[in-house]
Amino acid sequence: MTAASPSSPRSELAHFLRTRRARLRPSDVGLPEGARRRTPGLRREEVAQLADVGASWYTWLEQGRDIQVSEAMLERLSSALRLNAAERSYLFELAQGRSPRPVAATPPIVSPLLALTIEAHRHPAVVSTLRWDVVAMNGPALKLWGDQRGTNALRNIFLGKVPPLATVEREAHARNLVARFRAEAARASAHEQFQEIVDELSARSPEFRRLWTQHDLDAEPEGTKIVDLPGTGRIELAHMALMHIEPDARTLRVLFYSPVGPESAQRMARALAER
């Protein structure tokens, strides 16, 4: 059992834990103040008691030693130290090199600043989770797609849950979507949540099942596609996906669309005005 180097993640973890412990008073966590304390904050033994871990184990962790740290222990430490969402995520990154599993009760909303940003975009913009659950759409997107909030974008496309924005090159578009979803699923910490979508679509959509079994990974996060709007005609749209970290540490996927060229821009403006 060795101590970490000053610049290692374990050393950063040790310092982070000490600073979080120092900011808490016993009364903050329901403990008696007791006698005068030589240092501010909780004692190590008190944190260990609150997190239901051994005092020696917690001491080793604060010393930056290379010891095993389970997900359950990190969750208990997060609760004991009263960490907020961003601090909880940072704790997991330092201890295990990954983000924590999403909290099930996280509401499907976006921060006011992100909502303001997508509304300022004159063309469609859609915000989704990394699993492509749609959590926000701006006005133009709502006009073209209809309200898809609370649905899953991949289900919408392959199961027809919501009428999609018809793409002219359907095969290429679908292949790219599946490849992107596969790449994002491989990077996700909550892999089983992605697997639920894969299992459902594999069972219910022959098209998805065929594309998924091909294991394509050559995905394009940005590019152009041509859509065919009834009554309007074909519009070439540029699309770009950006990753955004919310104040509560959730990572969201923000997809911006913009018409390519004056003809597509005119048709887009006409389509939005008529809806």
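## Chain overview

Residues 24 or more positions apart account for 52% of the contacts in the protein chain with a separation of 6 or more; contact means heavy atoms within 4.5 Å. The chain holds 12 helices and 5 strands. Both are DSSP runs numbered from the N terminus: helices are H or I with at least four residues, strands are E with at least two. Of the 275 residues, 43% are buried. Buried means under 20% relative accessible area, exposed over 50%, and partly exposed in between, with a 1.4 Å probe and protein chains only.

This is a predicted model: local features need pLDDT of at least 70, side-chain atom pairs count only at pLDDT 80 or more, and totals for chains, interfaces and linings use all residues. Residues are numbered from 1 along each chain as its sequence is written, and side-chain values use heavy atoms, with hydrogens and water left out.

## Nonpolar cores

A nonpolar core is a set of buried Ala, Val, Leu, Ile, Met, Phe, Trp, Tyr and Cys residues joined through side-chain atoms within 4.5 Å. The largest has 32 residues. Leu144, Leu154, Phe158, Phe181 and Phe208 have the most contacts inside it. Helix α9 (residues 170-187) gives the largest share of this core, 5 residues.

Phe208 touches Leu154, Phe158, Val178, Val198, Leu201 and Ser202, not counting residues up to four places away in sequence. Another core lies apart from the largest one. In soluble globular proteins, nonpolar side chains tend to be buried together.

## Helix α2 and its partners

Helix α2 spans residues 44-51. Its buried residues include Glu46, Val47, Ala48 and Ala51. The buried residues of α2 pack against α1 (9-22), α3 (55-62) and α4. Asp52 follows α2 and has a positive phi, near 60°.

α2 packs with α4 (residues 71-80) at an angle of about 120°, with axes 8 Å apart. Axes are lines fitted to C-alpha atoms, for helices over the stretch in contact, and angles run from 0 to 180 degrees between N-to-C directions. The two helices are therefore oblique to each other: under 35 degrees counts as roughly parallel, over 145 as roughly antiparallel, 65 to 115 as roughly perpendicular and the rest as oblique. Val47, Leu50 and Ala51 in α2 meet Arg76, Leu77 and Ala80 in α4. The residues of this contact divide into 5 nonpolar, no polar and 1 charged. Ala, Val, Leu, Ile, Met, Phe, Trp, Tyr, Cys and Pro count as nonpolar, Asp, Glu, Lys and Arg as charged, and the others, Gly among them, as polar.

## α1 against α3

α1 and α3 pack at about 115°, with axes 7 Å apart. Arg10, Leu13, Ala14, Leu17, Arg18 and Arg21 in α1 meet Tyr58, Leu61 and Glu62 in α3. By class, this contact has 5 nonpolar, no polar and 4 charged residues.

## Ser264

Ser264 lies in helix α12 (residues 261-274). Ser264 is buried, with a relative accessible area of 8%. Leaving aside neighbours within four places in sequence, Ser264 is in contact with Ile235, Glu236 and Pro259. The C-alpha atoms of Ser264 and Leu237 are separated by 7.7 Å. Those two residues are 27 residues apart along the chain.
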